[in-house]
Amino acid sequence: MSSAGHSLAPDQTGSRAATQPLRSLFSNYAQLMKLRVTTLVVATAWCGYFMAALRSGVPSLSWKLLHTLLGVGIVSGGAAALNQVMEREADSRMRRTMARPLPAGRMTTAQATLFGFATVAGGSIYLGLTTNFLTGYLAFATAAGYLLFYTPLKQVTSFCTFVGAFPGAMPAALGWTALRGRLEWEALALFAIVLLWQFPHFLAIAWLYAEDYAMGGICMLPAVERDGRSTTREIMLYSTTLIFVSLAPAVLGMAGLAYAVGAVVLSTIYFAYGLKLRRLNLPPAAPESKQAARRLLRASVIYLPLLFGLMMLSAAWRF
């Protein structure tokens, strides 16, 4: 029995060794595609599709939904890959990004570039063939805007955050157009909500990693404006506007009173976290301000799924 046990051990070890490269490869590509961010993008597109299905009076679960989410996810992941190709030198200088596949040397630039171009082009064509031409075109234009404008501007001006917010707000609109085949006011309302939500979200990230961004030459506002006043002023501006804009789905008849009340409550809470950071009147380097920025970031991550989830429930159940 002892010798039999020993004879199995090499096979088990060999099996584990064989699966290790596959796990490593999957992990590298998941990081290259920014899988967590891509998951949020896909969830946002799902909300747009769901609301469009209710508007059209068709089932919200269908093969077209699967095609939409798969296509949007592929394009988003490809854009993230090409973004890392373009920023590989800056990533190698920042603690939060130096372990990514390219700066860490676990993947070549050629591999990542080929993967990125293939997925952006392939995902856009896939959307065009399985949903409609408009959605495929908008998905490709979104990726192009992200890569050709936002990414280069990050090393030039803090205005990059404003520019990058526009392609970042497109997924919900893509979900809508995938079913409806055209841009409508409802799609623009979803777009506007995500657009405004992004500013406190990304400025909180930039606040937390201001020193890192400065080392990488990334011109996020907290990295170039060290006292933090302009940053918190922008957080206040956009989060205040979001309180009113979040009501647009109720005004357009997409959702009911329950959503309207919930949207005001959630948006006001989101605003309050930004206000706490503002009232500290401390620079990004201060530890207490880092804690407040982290709380704002957590609130932003919770806010959008809750808001869209409430919208979908209110629309589906007509309350």
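**Buried spots, exposed spots and a greasy patch**

Visitor: Is Asn132 buried or exposed?
Guide: Asn132 has 15% relative accessibility. Keep in mind that this is a predicted model, where local features need pLDDT of at least 70, side-chain atom pairs count only at pLDDT 80 or more, and totals for chains, interfaces and linings use all residues. Residues are numbered from 1 along each chain as its sequence is written, and side-chain values use heavy atoms, with hydrogens and water left out. The classes are buried (under 20% relative accessible area), exposed (over 50%) and partly exposed (in between), using a 1.4 Å probe and protein chains only, so Asn132 counts as buried.

Visitor: Which backbone oxygen lies 2.8 Å from a polar atom of the Asn132 side chain?
Guide: Asn132 sits in the loop between helix H5 (109-130) and helix H6 (133-153); helices here are DSSP runs of H or I, at least four residues, numbered from the N terminus. A polar contact is a pair of N or O atoms within 3.5 Å; within protein, one must be able to donate a hydrogen and the other to accept it, and residues adjacent in sequence count only if both atoms are side-chain atoms. The oxygen at 2.8 Å belongs to Thr177.

Visitor: Which backbone oxygen does the side chain of Thr68 reach?
Guide: Thr68 is in helix H3 (residues 63-86) and, at 0% relative accessibility, counts as buried. Leaving out residues up to four places away in sequence, its contacts (heavy atoms within 4.5 Å) include Tyr49, Leu127 and Ala178. At 2.8 Å, the Thr68 side chain reaches the backbone oxygen of Lys64.

Visitor: What is the accessible area of the nonpolar patch with Leu183, Trp185, Leu188 and Leu252?
Guide: Patch members need over 30% relative accessible area and no salt bridge, with like charges joined within 9 Å and nonpolar side chains (Val, Leu, Ile, Met, Phe, Trp, Tyr) within 5 Å. A salt bridge is a side-chain nitrogen of Lys or Arg within 4 Å of a carboxyl oxygen of Asp or Glu. Areas come from the Shrake-Rupley method with a 1.4 Å probe, and for residues only the protein chains shown count as cover. Together, the four have about 430 Å².

Visitor: What is the phi of Asn281?
Guide: Asn281 is in the loop between helix H14 (257-280) and helix H15 (287-317), and at 51% relative accessibility it counts as exposed. Its phi is positive in a residue other than glycine, near 55°.

How values were computed. Helix = DSSP H or I, 4+ residues; strand = E, 2+ residues; numbered from the N terminus.
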